[in-house]
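Subject: Structure handover

Hello,

Here is the structure I promised you. Please open it and keep it beside this email while you read.

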Amino acid sequence: MKDLKAITFQPQDNAPTIIAGPCSAESRTQVLTTAMQLHDAGIKIFRAGVWKPRTKPGGFEGIGSPALEWLAEAKERTGMRTATEVATREHVHDAISADIDILWIGARTSANPFAVQEIADTLAGLSDDVRDNLCVLVKNPVNPDLELWIGALERIYNAGISRMAAIHRGYSAYGEHLYRNPPLWRIPIELHRRIPELPILCDPSHIGGKREFIAPLCHQALEMNFDGLMIECHCEPEKALSDAAQQITPSELERLLRSLPARQHACGQELLLSLREQVDSLDSELLELLAQRMDVTDRIGRLKRKNAMTIVQPGRYDELMHLRVEEGESLGLNSDFVKALLAVVHEESVRRQLSIAGDRK
Ligand code: PEP
Ligand code: MN
């Protein structure tokens, strides 16, 4: 995606891009009141869902196209840019007709390549002028599948959209969890590694699911160098028709934004470089040690093969895990981290021993 252009609403001076507004556009009064308050709080981009994908039938499914007029009015009165979710060809056409500046593809839609392709084909059919100015944001699919997310981004990019960003909104998980959609940060981090030129915003509202998690998640996201935040805000959050528990008021948002640290790039560079050198050399040592460890486990594999022993020996893995976790804890390492690390190393040893055993056949 080498020729991505800056997203139209990129603020100056390296500040994060902030998009805020209600989960759903519910009434003209709610949209305009929230928009005015957000504008007063310094927000430049107003979001509101018009077509709402709901898990079960019977909930509030959005007002639909008539609500686009309220967004257009909010834009005219405040000068803010507007953003809404689209899931079908008709949504795209209606949103463009209402002069919406930013379209986003929701998490349920980006999990469905047919739906994303339909949106992409519709975008490809727009006039060059409209397409060049339009910005499209792609939320991660509900399931933690980076390739599916990248696939959705590529479909939109291939349709000729060059103003794009990804939105990280966490992943559905079975059962009770602290967060509504656990963030699995390593997925957006890997997305950034794979497509460094693509801006990534974070949606703490849908990750957290509860108001009290929004601020700490915003802090974490900015610490991880996300390019911006999409935050659900409502003039009367407790009365919201969708996602009431996770919306905050415009004045709460203003306070929260003031609490975020300013980004600095210049300070402590020398110390940082020297610490990074230490990390590089420790990583090399770790890799060398891992290679040595694999040599030893390969020898064990050959011994097992010679003596017709099974590769996995009952008790050994369990014993090793216990001993290492204890040792790791005494060194100040988190036990889950040590377990996960050992599991990967052990899996690789078993894979290599299996291939040694396979040589016999
Ligand atoms: C939303 O942003 O209102 C929304 C429905 O989000 P998601 O697609 O992340 O669930
Ligand atoms: Mn929502």
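At roughly what angle do the axes of helix H3 and helix H5 cross? They cross at roughly 40 degrees. Bear in mind that this is a predicted model.

First, the H3 and H5 pair. H3 covers residues 89–97, and H5 covers residues 113–124. Their axes come within 8 Å. An angle under 35 degrees would count as roughly parallel. The two helices are therefore oblique to each other. Their crossing is right-handed. H3 brings Arg89, Glu90, Val92 and His93 to the contact. H5 brings Glu118, Ile119, Thr122 and Leu123. By type, the contact residues are three nonpolar, two polar and three charged.

Next, H1 and H11. H1 spans residues 28–40, and H11 spans residues 250–259. Their axes come within 9 Å and cross at roughly 25 degrees. That makes H1 roughly parallel to H11. This crossing is right-handed. Thr34, Gln37, Leu38 and Asp40 of H1 meet Pro250, Leu253 and Glu254 of H11. Three of these contact residues are nonpolar, two are polar and two are charged.

Last, ligand 1. Which residues are around it? They are Cys23, Arg47, Lys52, Glu85, Trp104, Gly106, Ala107, Arg108, Lys139, Arg169, His206 and Glu232. Look at Arg47: a polar atom of its side chain lies 2.7 Å from an oxygen atom of ligand 1. For Lys52, a polar side-chain atom lies 2.8 Å from a ligand 1 oxygen atom. In Lys139, a side-chain N or O atom is 2.8 Å from an oxygen atom of ligand 1.

Best wishes

Methods
Residues are numbered from 1 along each chain as its sequence is written. Chains are lettered from A and ligands numbered from 1 in the order in which they are written. This is a predicted model: local features need pLDDT of at least 70, side-chain atom pairs count only at pLDDT 80 or more; totals for chains, interfaces and linings use all residues. Side-chain values use heavy atoms; hydrogens and water are left out. Axes are lines fitted to C-alpha atoms, for helices over the stretch in contact, and angles run from 0 to 180 degrees between N-to-C directions. Helices (H or I, at least four residues) and strands (E, at least two) are DSSP runs, numbered from the N terminus. Angles under 35 degrees count as roughly parallel, over 145 as roughly antiparallel, 65 to 115 as roughly perpendicular and the rest as oblique. A crossing is left-handed if the near helix is turned anticlockwise from the far one by less than a right angle, and right-handed if clockwise. Contact means heavy atoms within 4.5 Å. Ala, Val, Leu, Ile, Met, Phe, Trp, Tyr, Cys and Pro count as nonpolar, Asp, Glu, Lys and Arg as charged, and the others, Gly among them, as polar. A residue is near a molecule or strand if one of its heavy atoms lies within 4 Å of it. A polar contact is a pair of N or O atoms within 3.5 Å; within protein, one must be able to donate a hydrogen and the other to accept it, and residues adjacent in sequence count only if both atoms are side-chain atoms.
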